[in-house]
Every structure is written in C-alpha cells, then in structure tokens.
Amino acid sequence: MLIKTDRQGVNHPVPSEITGKGVYENRRTLMKLMAGGVAGAALASWASREALAQTPGNVTRPGKLAALTSTPSRLAGALTMDKLTDYKDASTYNNFYEFGTDKADPAQNAHTLKTSPWSVEIEGLVKKPGKYALEDLLKLSAQEERIYRMRCVEGWSMVIPWVGYSLSELIKKVEPMPGAKYVEFVTLADPKTMPFVGSRVLEWPYVEGLRMDEAMNPLTMLTFGMYGEVLPKQNGAPVRLVVPWKYGFKNAKSLVKIRFTDKQPATAWNKAAANEYGFYSNVNPNVDHPRWSQATERRIGEDGLFAKKRKTLMFNGYEAQVGQLYTGMDLKQFI
Ligand SMILES: Nc1nc2c(c(=O)[nH]1)N[C@H]1C(S)=C(S)[C@@H](COP(=O)(O)O)O[C@H]1N2
Ligand SMILES: [Mo]
C-alpha cells in the first residue's frame with residue numbers, strides 16, 4: 001500500500017478537549033444550573049440548545065431525553081469547541097450497510113429495525129457473562145453528554161453530542177479474565193428487518209474489535225443517545241459504540257454481543273479489504289488510504305461553495321488522551 005510520511009510537515013495543534021475554552025466558559029453557567037437543581041436535563045444546555053435550534057422541524061426524532069431511563073447527569077469527558085453538526089445531517093447522512101450502501105438509505109430503511117426488547121450478550125473470557133437487558137445497561141452508570149468529532153474513512157466528519165457512558169464502566173462490572181486481550185463487538189444481523197443483510201458487500205454480522213486498553217480508555221463510549229434523545233435507528237439504536245480517535249467504521253451500531261478474547265478479532269472491513277482497512281484504523285493524516293489521501297476532511301454541513309476542507313488531526317484531535325496507547329508501535333505498519 002502507498003504510504004506517505006508526514007506529508008504536511010506540520011504537527012497540528014491538539015485542541016485541549018478536557019480543559020478547553022468551551023468548558024471553561026461554560027463552567028459558570030453549568031454550576032448555576034447544577035445549583036438550581038436542574039443538572040439533569042439542562043446540564044449540557046449550551047450544547048443541546050444549539051443543537052435544537054439548528055434542528056429543522058421536518059426530521060422524525062425518536063424521543064425526548066425522558067426516553068433514556070436515566071438522563072445525562074454530568075458534563076465530563078471530552079468536549080469540543082467545534083460547532084455541532086445539524087441533527088438533520090447527523091441523522092440522514094449515514095453509513096449502516098445493513099440498510100443500504102447509500103448515505104440516504106439508513107434514514108429511509110431503518111424504521112423496520114425493532115429495538116425493543118433488546119439485550120446484549122456478554123461472553124468469552126469474562127467472570128460475569130450473561131445476557132444484559134438494555135434497561136439494565138442504561139442504568140449501569142450515569143449517562144453523560146459528550147461532544148465528539150467523528151471522522152469517516154471516506155473523508156467526511158461530523159461533531160455530535162453523544163449520550164452514554166464509558167465502556168470501561170461495563171467492562172469493570174463484568175470482570176474480564178487476565179487472558180482477555182481484545183474485545184469483539186458483534187452487531188445485529190437480522191435479514192427480516194435489515195434488507196441488505198445477505199448482500200455480498202460485507203460479511204454479516206458486522207463485527208468490530210478493540211484492544212483491551214483501547215476499550216478501557218475513558219473516551220470509548222457505550223452510546224444510547226445523541227442530541228439529548230435516544231439514538232435514531234439509522235444511527236445505531238438502541239446501543240452502539242463510539243470511539244472518537246478511530247475512523248467511523250470502528251463505531252459498531254446496534255450491538256448485540258460483546259465478547260472478550262485472547263486473539264485479535266477479525267473485523268468486517270478488514271475481512272472485506274485487508275489492504276485498505278486495518279484493525280487499528282486510528283485517524284492519521286500521515287497515512288493515506290491506498291486510494292486517497294487522509295490529510296483533510298470535509299465537515300458535513302460546511303460544504304458550501306466557499307467551505308475549505310479541514311486538516312485532519314492526528315488521532316482525530318484526541319492525541320493527548322490516547323497517543324500513549326501506541327507508543328513504540330509503527331503507526332504506518334499498524335494501520
Ligand atoms: N452495524 C454497523 N455499524 C456501523 C456501520 C455499518 O455499516 N454497520 N458503518 C460504520 C461506518 S463506516 C461509520 S462512518 C459510522 C457512521 O455512523 P453515523 O451514521 O451514526 O454517523 O458507523 C459505523 N458503524
Ligand atoms: Mo465510515
């Protein structure tokens with residue numbers, strides 16, 4: 001594969017996500033809200049309000065915050081100062097190949113997905129395996145709203161306020177055995193409700209994987225909602241993964257199984273095209289996809305005539321939080 005080294009010759013500044021200006025400026029508002037006892041719903045009000053204000057009335061939204069059995073209760077984790085992507089764009093421009101390969105297909109077709117009852121099976125090298133009902137997963141830890149960038153390997157990106165909690169909370173509860181080195185994420189493959197399961201684009205079910213330390217990193221999020229509401233089906237309802245420093249396809253949607261293993265899982269896109277999609281798939285502007293550059297991206301919603309392409313950031317801008325996971329690894333080798 002074609003590999004270029006440091007094509008831009010620049011080290012992009014890493015936005016300080018956790019102590020960023022956005023947090024600082026909003027801390028006072030936040031503290032007032034908390035003092036007023038409305039920490040729950042109003043908590044990330046500055047973000048949610050912006051999101052709602054941007055939302056045109058013509059998209060069907062799945063339900064208000066109340067639909068999540070526990071409301072986001074803290075503002076923690078990574079925040080971004082970037083402008084939020086419009087809800088409409090985030091819910092109508094999707095990759096969810098079980099419902100079609102066109103970006104508009106999932107919003108058109110995913111209504112057939114049945115998200116209740118839902119459970120996630122925990123299995124493999126773990127002390128507490130079992131079937132966990134969605135309701136129990138929702139209650140397992142306090143939910144937070146976190147604004148993360150997401151960058152697809154195809155070269156577009158979005159900024160989305162996700163609702164959920166760190167996957168590490170669940171992992172700690174189920175107690176992986178010492179031999180567990182990887183986590184495999186298996187998603188629903190139901191040919192009755194997913195029209196493209198059975199098509200030959202990918203092997204089904206869609207499977208993803210992380211190394212244990214990646215899965216335990218606090219940024220890795222078990223996600224139940226976005227924009228303060230439950231996930232729309234096309235975005236991976238009722239529960240999905242969000243791993244913001246990796247290319248979008250690592251963010252497995254509509255999870256049904258989480259398996260702890262001692263071997264690196266075979267993942268859907270790696271099986272489909274091993275030379276194009278590696279296991280790690282960390283966002284990296286210096287390592288091109290064999291068929292295109294990864295140095296820049298197009299932010300969805302900013303594609304007007306004068307919109308400039310943005311420079312893609314190392315680890316999607318989360319280098320300070322996750323860079324240490326890869327010390328000593330040749331990132332051009334372990335793509
Ligand atoms: N089950 C499943 N999960 C999936 C995919 C898919 O086709 N099936 N596509 C991935 C890709 S390529 C991307 S970019 C993101 C898109 O998430 P979004 O539509 O919520 O933006 O989901 C990922 N998760
Ligand atoms: Mo993607």
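Modeller: Ring pairs join Tyr-182, Phe-279, Tyr-280, Phe-315, Tyr-326 and Phe-334 into a cluster. This is a predicted model, in which local features need pLDDT of at least 70, side-chain atom pairs count only at pLDDT 80 or more, and totals for chains, interfaces and linings use all residues. Residues are numbered from 1 along each chain as its sequence is written, and side-chain values use heavy atoms, leaving out hydrogens and water.

Colleague: How many aromatic pairs does a search of the whole structure find?

Modeller: The search finds 13 aromatic pairs. Among them, Trp-269 and Tyr-277 are edge-to-face, at 5.2 Å centre to centre with 65° between the planes.

Colleague: Why is the pair of Phe-315 and Tyr-326 called stacked?

Modeller: Rings of Phe, Tyr and Trp (its six-membered ring) pair if their centres lie within 6.5 Å, and planes under 30 degrees apart count as stacked, over 60 as edge-to-face and the rest as tilted. The centres of Phe-315 and Tyr-326 are 5.4 Å apart and their planes meet at 15°, so this pair is stacked.

Colleague: What makes Phe-315 count as buried?

Modeller: Buried means under 20% relative accessible area, exposed over 50%, and partly exposed in between (1.4 Å probe, protein chains only). Phe-315 has 3% relative accessibility and therefore counts as buried, and Tyr-326, at 3% relative accessibility, counts as buried too.

Colleague: Are Trp-269 and Tyr-277 buried or exposed?

Modeller: Both Trp-269 and Tyr-277 are buried.

How values were computed:
Chains lettered and ligands numbered in written order.
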